[in-house]
Amino acid sequence: MTNLKLLQMKIILNNTEETIDRDQLTVNELLKVKNFSFKMLVVKINGQLVKKSDYDQAMIGDGDDVMVLHLISGG
Amino acid sequence: MTFDEIRAVLKKKTVGIAGCGGLGSNCAVALARAGVGTLVIADFDVIVESNLNRQYFFHDQIGMLKVFALKINLERINPDIKVHAFDLRLCPSDIVEIFSHCDVIVEAFDKAEMKQMIIEAVSNHLPDKSLVIGVGMGGWGDNNSIHTRRAAKLVICGDEMNEVSDTNPPIAPRVGVVANMQANAVLELLLGENPDQKIITGSL
């Protein structure tokens, strides 16, 4: 028998609630799912900065508040 | 609060501004006019003619270092203001050192890499400090795309879309809007929300 339980989580992404069909995922997986292909990024999970070298390890789970900020030049 | 009461609070406050170009010079002027007591400003650059389409400098200041010209201009507006001017290309350790006594820090760099650098430096080394950044202000028009959002201690002002380029240049109105939004966000952090103000949507 296969496990038919649907895995889903709700996160806050850039101040908007999003439902994602996974029970958890890494930062890099989230960027892929959302088609974020920006070069210059800052990612925070629940206000904590995630280092670029940790994008493959840092996990996002149900209820997390995630900010993905795309930095562009100008000032 | 009356303006005298507001000024009495702001006089005791210190705001750091990283960069004295389009965002930094205009934001500093707004904060000086509002009555912020001390500004800590830093930049390494010299004024050139092409800066005058948006930056708070004058034609006879071309060739001067931006930090020193800005200090003069701020003191002409408000002779009581204290301006600590640093002629520096800021690195993470400088940011921690010169802004550690500030109540709020304003990011006013032009390059995306520098914006990323200061967010990381402040998050890692000054985690209790609010940082107000400007992202996306190229071109003209489309007023309503410019917004403010907050993620913990980070406040983001701009349209988050329009990168500056040769065909999407920075021009006074949009750059000034974002710089003044940053100054307005700083006041909200320093004074709290205004209980006498009518609010259409939630503020910071």
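This is a predicted model: local features need pLDDT of at least 70, side-chain atom pairs count only at pLDDT 80 or more; totals for chains, interfaces and linings use all residues.
How many Å should the 13 residues of α2(B) span, and how far apart are its end C-alpha atoms?

1. Helix length. At 1.5 Å a residue, α2(B) should span 18 Å. The end C-alpha atoms of the helix are 19 Å apart, which agrees with that expectation.

2. Burial of the helix. Eleven of the 13 residues of α2(B) are buried, so the helix is mostly covered. Among the buried residues are Gly22(B), Ser25(B) and Asn26(B), as well as Leu23(B), Val29(B) and Leu31(B). After the helix comes Gly35(B), which has a positive phi, near 110°.

3. The largest nonpolar core. This core has 37 residues, and those touching the most other members are Val15(B), Ile17(B), Leu31(B), Leu39(B), Ile41(B), Leu74(B) and Val186(B). In chain B, the elements giving two or more residues to the core are the helices α2 (22-34), α3 (66-77) and α6 (172-191), together with the strands β1 (14-18), β2 (38-43), β4 (104-107) and β7 (154-158). Another core, of 30 residues, lies apart from it; Val40(B), Ile105(B), Val135(B) and Ala151(B) are among its members.

4. Leu74(B) in detail. Leaving aside residues up to four places away in sequence, Leu74(B) touches Ala28(B), Val29(B), Ala32(B), Leu39(B), Ile81(B) and Val83(B).

5. Is Asn73(B) buried or exposed? Asn73(B), found in helix α3 of chain B, has a relative accessible area of 3%; the limit for buried is under 20%, so Asn73(B) is buried. Its contacts, not counting residues up to four places away in sequence, are Tyr56(B), Phe57(B), Phe58(B) and Gln61(B).

6. The sheet in chain A. Five strands form an open sheet in the order β2-β1-β7-β4-β5, with mixed pairing.

7. Strand β1 (residues 9-13) of chain A pairs with β2(A) in the antiparallel sense, over five bridges. In β2(A), Glu17(A) is the bridge partner of Ile12(A). Helix α5 (residues 112-125) of chain B packs on this sheet, where it touches β4 (41-45), β5 and β7 (65-70) of chain A. The direction of the helix makes about 30° with that of β4(A).

Definitions and conventions
Residues are numbered from 1 along each chain as its sequence is written. Chains are lettered from A and ligands numbered from 1 in the order in which they are written. Side-chain values use heavy atoms; hydrogens and water are left out. A nonpolar core is a set of buried Ala, Val, Leu, Ile, Met, Phe, Trp, Tyr and Cys residues joined through side-chain atoms within 4.5 Å. Buried means under 20% relative accessible area, exposed over 50%, partly exposed in between (1.4 Å probe, protein chains only). Helices (H or I, at least four residues) and strands (E, at least two) are DSSP runs, numbered from the N terminus. Contact means heavy atoms within 4.5 Å. Two strands pair if DSSP finds at least two bridges between them. Axes are lines fitted to C-alpha atoms, for helices over the stretch in contact, and angles run from 0 to 180 degrees between N-to-C directions. The expected span of a helix is 1.5 Å times one less than its number of residues.
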